[in-house]
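Here are a few friendly notes to read alongside the coordinates. Please have the viewer open as you go.

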Amino acid sequence: MSSAPHRIPHLRAAGVSLVVDASGDAPSVLHWGRDLGPLSAAELEALRLTSGTARLHNAPDVARRFPLLPGERHDWSGVPGLSGHRAGGATTPRPVLREVLVDVQDAGGSIDLRFDDAVSGLTIGQRVTLEPSGLVGVSVTISSTASAGDAPYDLAGLVAQLPLPARATEILDFTGKWSREREPQRTPVRDGLHAREVRRGKPGVDSPYLMAAGTPGFGAGHGEVWAMHVAWSGDQRWFVERLPEGAGAASAVLGGGELVRPGEIRLAAGETYSTPLVLFAWSGEGLDGVADRFHERVRSDRRRPGAQPLVLNTWEAVYFDHELPRLIDLVDRAASIGVERIVLDDGWFRGRRDDRAGLGDWQIDEGVWPDGLGPFAERVRSHGMQFGLWFEPEMINLDSELARAHPDWVLGPEAGLGTSSRHQYVLDIAHPEAFAYLLDAISALVEAYSIDFLKWDHNRDLMEATRQTAGGTPGVHAQTLALYALLDALRSRFPALEIESCASGGGRVDLGVLARTDRVWTSDCNDPIERQRIQRWSELLLPPELLGSHVGAERSHTTHRSADLSFRLATALFASAGIEWDITRCSDEELEALRRWGGLYKEIRDLVATGRRVHADLPDDETLLHGSVAADGSRALYAWARLGTSAAGQSGRVRMPGLDASASYRVTVRDELGAVALHQGEGPEWFDAARAGGVELPGTVLTVAGVPLPTLDPAQAVVLDLRRIDG
């Protein structure tokens, strides 16, 4: 490790600079954003000198620096970086900087700050990392240095915060509900606190997901954006705060971390608490630039990078009706159209004939499966396909052998359980015996049937999540750590096993759980109109090859809306594709369409799994243009989709983002998905040529001037294939 001149470390990576003043007791960020280039010691000192005073000193009109761990000691009256108490005393921390360790890499590096707080009886370690992707990661660890007989330190909050400049005037975050996850919402930055708190025991279908602030009107491809993600699968805090006196030379702050319940983190002498990682992203190229950074990080951290196999999940095909002959027919049909993985969903385990019983009894129901799952799994493998199985390990039905044997394993107050949700409660997996039971039960099945894939579901929030066997203490933090430990243990025992994070659809989509799983179930809604928007915003954080998207029946299971097969196929193409449909009832024409679509998916899935995701900024919310552009620029695939009717009759010229303006491209329409319905039955001249066999167009026309796109009927999409012409 090396020290930076004047203790002002400057880290650079992927077009981002992070400069920290670590010269006093209150280290502060002098710059986070666009790369400043190599700076001399004198230039770093000039940046420090122009960043304001170290403290406000009751002069609200004097610029000051914003500490990395702000508190009232620094005259900061906003959300404190650290808050808590020890038996009602030492409620205001007074950390004193003891050590600074700086590791400067060719791309990024880290800054470790170590503090002593004699007043609170804590040591504090804060790590700030600039990753090669340009993301800034912040995490903090606190340890109690009190004597054995002293009162424990009750943590109230420990959050990461970075400053925002005055030009960041607009906030984007997300809400949602079941089957309509990741719904964007915007609000101006105002004085005061814009705060989102998650108290569901998981991020939830209304998760803030990613909180961004940017220059006015920032979009997919334009504007400067500062964004944050809390990489944690339990309760969370997210906020933007602006005080009238500002935040140092900056205007506001962006922050977040774990939401800690009262009494949840109590540190006795020698005990330690570590925050989840909070990731911050800056982009000078809009939201697609933010997504680029997160996608690079996720892709570089995966055990098995690349595309996912084509899957068929049995839920919407058979629900709880597990009859082997019917399932065998489903498997055979799936193999005939190119499916590569079969997942047997809910209904296979003991007592599970509906959703009122059985959760927790992870043994085969011999009344339904007298020969076990062997005959089914063998049929799957006889076609060369992988075998997957559905679990919901963190849940329990009171009508189960497990609940009757261990009622104290249910997560809930000793005074009596509250209402159920979907007839189920939560299992206290932080209980050592419950943890061991789950690990052994799941492992036995994975080993017995050589299971390749687990669909890991989580169908209710954690309400009144107190631990009966731990004196009624709050249990979300312990539950989240136990989940991570359980997933880690299974991955250690079965290195080839893949796991999907599902939680009533997309209710647990975060980079904490994604560090231990291989894909997410994006939403329970397969209605392609809803899915187009859900997937568009889900891929702001996650690359598309991790987003499970299945083709359902003509009439949607969740919305009861009907859609053409070609639109359903096009929607699932730009993701981790699959089928959620009783294909034993499909016509020969439908099966052939699925076969062609499956072939197209296999052709382009590596492009989708490695390419850059791009989105056009359009004035019409009823249209979407999105695509994947190869890293070397040799090929791009776009989808032009219409969700509903519009006031305008024509799209006007639409620019295709991500292309090389100096190159030329051959453009073709991929017709494997079937005919697309054009409004008035006609398209632009260039589009007709692309459908007829292809047309050559210069990059300046495609990506700078733009091209008029066909006016589609509602609930239609067309897929455009662009290949660069070399030479």
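1. The protein chain has 14 helices and 40 strands; helices (H or I, at least four residues) and strands (E, at least two) are DSSP runs, numbered from the N terminus. With a radius of gyration of 27 Å, close to the 27 Å of the globule rule for 727 residues, the chain is as compact as a globular protein of that length. That radius is taken over C-alpha atoms, and the rule is 2.2 Å times the number of residues to the power 0.38.

2. A word on provenance: this is a predicted model, where local features need pLDDT of at least 70, side-chain atom pairs count only at pLDDT 80 or more, and totals for chains, interfaces and linings use all residues. Residues are numbered from 1 along each chain as its sequence is written, and side-chain values use heavy atoms, with hydrogens and water left out.

3. Along the principal axes, the C-alpha atoms fill a box of roughly 75 × 70 × 45 Å. Buried residues (under 20% relative accessible area, 1.4 Å probe, protein chains only) make up 60% of the 727 in the protein chain.

4. Among contacts (heavy atoms within 4.5 Å) with a separation of 6 or more, 71% join residues 24 or more positions apart.

5. Is Ser566 buried or exposed? Its relative accessibility is 8%, so Ser566 counts as buried. Beyond its neighbours within four places in sequence, Ser566 is in contact with Leu673, Gly674, Ala675 and Gln716.

Notes:
Buried < 20%, exposed > 50% of the residue type's maximum accessible area, 1.4 Å probe, protein only.
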